[in-house]
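Let's take a friendly walk through the charged side-chain pairs of this model. Have your viewer ready, and we will go pair by pair.

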Amino acid sequence: MNTKAISGILLAVAVLATGCTRTDDDRMGPAQEAGKAVDEAGATAARETEQAAERADQAAERAGDNVERAAERAGDNIERAGAEVREESREAAADVKRGVSNATDATGKAVERAGEKIQDASK
């Protein structure tokens with residue numbers, strides 16, 4: 001409850017404590033004025049509570065939207081990382097294939113030279 005609401009309630013209590021006689025036929029008596037002040041204070045407190053609840057609801061909605069966007073960005077980042085890993089894996093596999101091919105070629109040439117040496121030695 002805010003200060004205005006509390007002040008209104010205290011005013012109503014003070015008016016009630018002073019008595020309930022009317023000074024004039026056209027005006028409200030002290031009890032009626034106190035009741036009105038209490039009603040107004042209650043209405044003000046209810047209105048402010050409703051507004052605070054609405055602001056909290058809006059903040060929760062914004063937070064939910066922010067979480068959703070962050071999750072989407074994280075998902076996009078994960079997809080990009082997966083694509084990068086797949087590409088790097090393809091490149092690494094290609095490098096391995098080239099290395100195997102080069103090793104096979106080198107081994108073939110070494111076997112050829114060894115074969116030539118064996119032929120030369122057998123003559």
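Glutamate 87 and arginine 90 join their side chains in a salt bridge, with 3.3 Å from N to O; the term stands for a side-chain nitrogen of Lys or Arg within 4 Å of a carboxyl oxygen of Asp or Glu. Both residues belong to helix H2 and sit 3 residues apart, about one turn of the helix. Helices here are DSSP runs (H or I, at least four residues), numbered from the N terminus. Arginine 90 is exposed at 51% relative accessibility, while glutamate 87 is partly exposed at 38%. Exposed means over 50% relative accessible area, buried under 20%, and partly exposed in between, with a 1.4 Å probe and protein chains only.

A word on the ground rules: this is a predicted model, where local features need pLDDT of at least 70 and side-chain atom pairs count only at pLDDT 80 or more, whereas totals for chains, interfaces and linings use all residues. Residues are numbered from 1 along each chain as its sequence is written, and side-chain values use heavy atoms, leaving out hydrogens and water.

How many salt bridges does the structure hold? There are 3. Another one links aspartate 95 and arginine 98, at 2.1 Å from N to O. These two are 3 residues apart in helix H2, so about one helical turn separates them. Aspartate 95 is partly exposed at 45%, and arginine 98 is partly exposed at 47%.

Lysine 36 and glutamate 40 also pair up, their closest N and O atoms lying 3.9 Å apart. Because they are 4 residues apart in helix H2 (residues 30-122), about one helical turn lies between them.
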